[in-house]
Amino acid sequence: MTSWRERYPAEVTCVRCLEVWESQELDRLLWCERCRALARNRAAGKGWWVGGGVAAALAAYIWFVVQPSDRIVGGWIGVTLAAFYLAARMAREIFYGVERVRNAPAVEASPPSERPPEADDDEPPDDRPRVSFR
């Protein structure tokens, strides 16, 4: 039985940033580590917002419907913080999973006009074929 990596050449293009990497540095969806980290960070940011919304809704429900006594407010605060953390974690995993399943090509790629400042203009043009996803 052969591994999926053996079906690809030694150098493969990341489908997100369109940079060429060794096939060992890409995962099975052909994402490089930088693109995976960016997707995880984006999903984490959205997850914290969802967790905050769930915690705020739960806190409003507890405050206005349950109306806790003064003796157990600390317990309800703990429940709200736990709901915040769990909702944020679940939302983060869902957002990351959705982004991985959608697998939109060239999302992290930067146009040629936005070259990094350390790129030399004296370099000869790259002769590698360009990939078009249109």
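The following legends describe close-up views of a predicted protein model.

**Figure 1. Overall arrangement of the secondary structure elements in the predicted model.** The protein contains two helices and two strands. Read from the N terminus, these elements follow the order β-β-α-α. Of the 134 residues in the protein, 22% are buried.

**Figure 2. The largest nonpolar core of the protein.** In soluble globular proteins, nonpolar side chains tend to be buried together. Here the largest nonpolar core holds 12 residues. Its members are Val 12, Cys 14, Val 15, Cys 17, Leu 26, Leu 30, Trp 31, Cys 32, Cys 35, Ala 39, Ala 43 and Tyr 96. Helix 1, spanning residues 33–66, supplies the largest share of this core, with three residues.

Figure 3. Apart from neighbours within four places in sequence, Trp 31 is in contact with several residues, including Cys 14, Val 15, Leu 26 and Ala 39. The contacts of Trp 31 also include Arg 16, Glu 25, Arg 36, Glu 99, Arg 100 and Asn 103.

**Figure 4. Arg 100 and the residues that it touches.** Arg 100 belongs to helix 2, which covers residues 73–102. Is Arg 100 buried or exposed? The relative accessible area of Arg 100 is 14%, under the 20% limit, and the residue is therefore buried. When residues up to four places away in sequence are not counted, Arg 100 touches Asp 27, Leu 29, Trp 31 and Arg 36.

**Figure 5. The largest cavity and its lining.** Rolling a probe the size of a water molecule over the atoms shows where empty space is left. The protein has one cavity of 30 Å³ or more. The volume of the largest cavity is about 40 Å³. Which residues line the largest cavity? The lining consists of Ala 44, Gly 47, Trp 48, Ala 88, Arg 89 and Arg 92. Helix 1 and helix 2 are the elements that each give two or more residues to this lining. Sorted by class, the lining comprises three nonpolar residues, one polar residue and two charged residues.

**Figure 6. Leu 18, a residue with a positive phi.** Most residues other than glycine have a negative phi. Leu 18 is not a glycine, although its phi is positive, at about 60°. Leu 18 lies in the loop between strand 1 (11–13) and strand 2 (20–22). With a relative accessible area of 30%, Leu 18 is partly exposed.

**Figure 7. Gln 67, a residue other than glycine with a positive phi.** The phi of Gln 67 is near 50°. Where is Gln 67 found? Gln 67 is located in the loop between helix 1 and helix 2. The relative accessible area of Gln 67 is 57%, over the 50% limit, so the residue is exposed.

Notes: Residues numbered from 1 in each chain as written. Predicted model: local features only at pLDDT ≥ 70, side-chain atom pairs only at ≥ 80, totals over all residues. Heavy atoms only, no water. Helix = DSSP H or I, 4+ residues; strand = E, 2+ residues; numbered from the N terminus. Buried < 20%, exposed > 50% of the residue type's maximum accessible area, 1.4 Å probe, protein only. Core = buried A, V, L, I, M, F, W, Y, C linked by side-chain atoms within 4.5 Å. Contact = heavy atoms within 4.5 Å. 1 Å grid on protein atoms, 1.4 Å probe; cavity = no way out; pocket = protein on both sides within 12 Å on 5 of 7 lines; lining within 4 Å. Points joined across faces, edges and corners; volume = space filled by probe spheres on them. Nonpolar A, V, L, I, M, F, W, Y, C, P; charged D, E, K, R; others polar.
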